[in-house]
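Have your viewer open and follow along.

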Amino acid sequence: MTTPNTAPTHMPARLLSLALLLALVLSVTLVTPAAAQNTPAWLEPRGINVVDLVGLVPEAMLQDSLIVYDGSGALAFYDHGERNGDVVTVWVRFVSTQNQLVTCLGKPGDFDAWPTAAPAGTLRIFDGATDVTNKVGTNYSYFPAGLEQPIANTGARRYPEQNATIDFTDDGAISLPANLGCRITVNHTGGALTGQFTFTAPRYLDVKVLGNQTLKFHSYIGPGNAGKLDALSQQMQDRFNNRHDDLRIDAPDGAEFVWVKFPPTPVDPYGDPNTPAGGTYRIRRPNGKLSVDHLNSMALTLYSQWQDADQAQGTTFLPWFSEVSAVSSPEYFVPVGFTYDPCMTNGGCPDDLLDAIHAAEMDMTVYYLSISRIRGGLQEVPLAQVGPDWQPGNSPFATARQPQVTPAVHVAPPAALPMNAAISPRGLASSLNLPFLIVIPNPQPDDRTNCPCGWFTSDGRMVDYVAPE
């Protein structure tokens with residue numbers, strides 16, 4: 001016999017269904033990346049950051065890639081990484097004068113070079129096995145990311161830099177905002193530094209590596225700003241013919257993006273000449289013209305580039321092109337295998353050194369990628385790149401389009417009903433386990449109005465591309 005007012009040992013199916021329905025209704029949260037009215041009329045193109053590729057491409061493609069170089073005196077090379085669900089971990093090797101400077105994984109837009117945005121995350125810094133994260137200063141400088149247009153033309157840095165106080169997480173890691181790069185000083189007198197970055201970065205992409213090509217390239221000989229190595233550059237021009245090696249592309253069908261991997265030059269032309277540096281590589285048009293500068297490894301749109309600012313003087317926005325014949329090698333004045341000699345700065349380098357520099361070879365590899373979106377919640381924005389005569393307020397389009405943004409739907413664990421809540425005939429039962437459900441929206445369709453366009457996350461990462469009509 002059942003005692004009155006005592007809960008039954010089994011809940012009727014009708015009441016269980018009602019409880020589940022109530023739990024799900026109460027737990028549905030709409031996550032809208034950004035309101036449509038806040039979407040800019042246009043943005044500059046950005047390279048796809050390494051964070052959005054980790055775990056989706058072979059590690060061999062990323063390993064040893066120069067993923068950060070912005071002329072600030074610090075470089076970051078990809079060492080290894082992994083993706084576990086939405087958590088991405090990236091280990092890098094830092095190179096800087098006296099091993100006292102580290103960077104974020106974003107890169108600012110300097111002169112006409114493309115930026116790349118990294119999501120918010122954390123950073124731990126190591127000297128070997130020793131954690132030296134707590135040896136950083138109290139402040140650092142960074143370039144905020146986001147859906148922001150530039151504030152300056154190609155005459156300088158196009159995006160604002162600001163100072164901030166370093167914040168630490170409860171477990172002692174540095175907390176970093178979404179960024180287009182940063183510089184952090186480490187009060188450190190030891191060996192080379194490594195960094196462990198950790199991000200919560202939902203997967204937006206499916207990436208296929210369709211093939212690769214490798215080129216033996218040589219040092220650059222020709223006009224241009226050689227910085228502190230102007231004397232060496234002039235000697236090389238006087239002794240040899242000008243040269244700039246190109247990798248004539250043989251892109252597989254379906255290739256949309258390229259990842260270019262190349263070694264650093266051992267002599268920095270613009271900073272400490274005893275420190276390695278990166279260099280400019282370009283996409284070349286069939287007519288011989290070159291794209292804007294690219295300085296680090298990031299996924300670049302192969303058939304959507306903007307012409308070099310020096311070759312587009314007098315323009316408000318740089319000319320766009322889609323015809324591609326080659327990827328030009330980094331413009332290095334000193335090849336791998338050499339060390340700094342004062343004659344490179346002061347002049348008078350002996351002929352045997354000039355001949356050795358001329359003969360030396362380096363490897364550059366171009367990987368061809370196909371990229372497609374696998375989830376929605378992104379914003380499609382027309383692309384344009386500012387030129388030498390651009391001023392804030394100038395627009396590349398006569399008429400701005402109305403963006404379409406589809407919100408992501410997130411179904412979270414029930415907040416109103418604890419996972420172990422008691423349930424009675426009046427609506428509560430015992431030992432009810434509810435599933436954790438995520439409803440991922442499908443990718444939105446492309447809108448080719450005012451394209452070329454990019455698909456952006458709300459924190460400013462460009463993750464896909466739309467060609468013009």
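Start at Cys451, which is buried, with a relative accessible area of 13%. The partner of Cys451 is Cys453: a disulfide joins the two, with an S to S distance of 2.1 Å. Cys453 counts as buried as well, at 0% relative accessibility. The torsion about their S-S bond is -105°, and the link is left-handed.

A search of the whole structure finds three disulfides. Another one joins Cys343 to Cys349, again with S to S given as 2.1 Å. Here the torsion about the S-S bond is 95° and the link is right-handed. Cys343 is buried at 9% relative accessibility, and Cys349 is buried at 4%.

The disulfide between Cys104 and Cys182 has its sulfurs 1.9 Å apart. Its torsion is about 90°, so this disulfide is right-handed. Cys104 sits in the loop between strands S5 (101-103) and S6 (121-127), while Cys182 belongs to strand S12 (residues 179-185), so the bond ties together parts that are 78 residues apart in sequence. Both ends are buried: Cys104 has a relative accessible area of 1%, and Cys182 has 4%. With the bonded cysteines numbered in sequence order, the pairing reads 1-2, 3-4, 5-6.

Next, turn to Thr133, in the loop between strand S7 (130-131) and strand S8 (139-144). Thr133 is buried, and its relative accessible area is 1%. What does its side chain reach? The backbone nitrogen of Ile125 lies at 2.9 Å from the side chain of Thr133. Beyond four places in sequence, the contacts of Thr133 include Leu123, Arg124, Phe168, Gly172 and Ile174.

Now for strand S16 (residues 257-261). Five of its five residues are buried, so the strand is largely enclosed by the rest of the structure. Phe257, Trp259 and Lys261 point one way, Val258 and Val260 the other. S16 pairs in the antiparallel sense with strand S18 (residues 300-301) over two bridges, and Phe257 stands opposite Thr301 there. S16 also pairs with strand S22 (residues 362-373), antiparallel and over five bridges, where Lys261 has Thr365 as its bridge partner.

Finally, a word on confidence. The mean pLDDT is 88, and 84% of residues reach 70 or more. Still, pLDDT stays under 50 over residues 1-11 and over residues 406-431. Where pLDDT is low, the predicted coordinates should not be read in detail.

Note on methods
Residues numbered from 1 in each chain as written. Predicted model: local features only at pLDDT ≥ 70, side-chain atom pairs only at ≥ 80, totals over all residues. Heavy atoms only, no water. pLDDT = per-residue confidence, 0-100. Contact = heavy atoms within 4.5 Å. Helix = DSSP H or I, 4+ residues; strand = E, 2+ residues; numbered from the N terminus. Buried < 20%, exposed > 50% of the residue type's maximum accessible area, 1.4 Å probe, protein only. Polar contact = N/O pair within 3.5 Å; in protein donor to acceptor, adjacent residues only side chain to side chain. Pairing = 2+ DSSP bridges. Disulfide = S-S within 2.5 Å.
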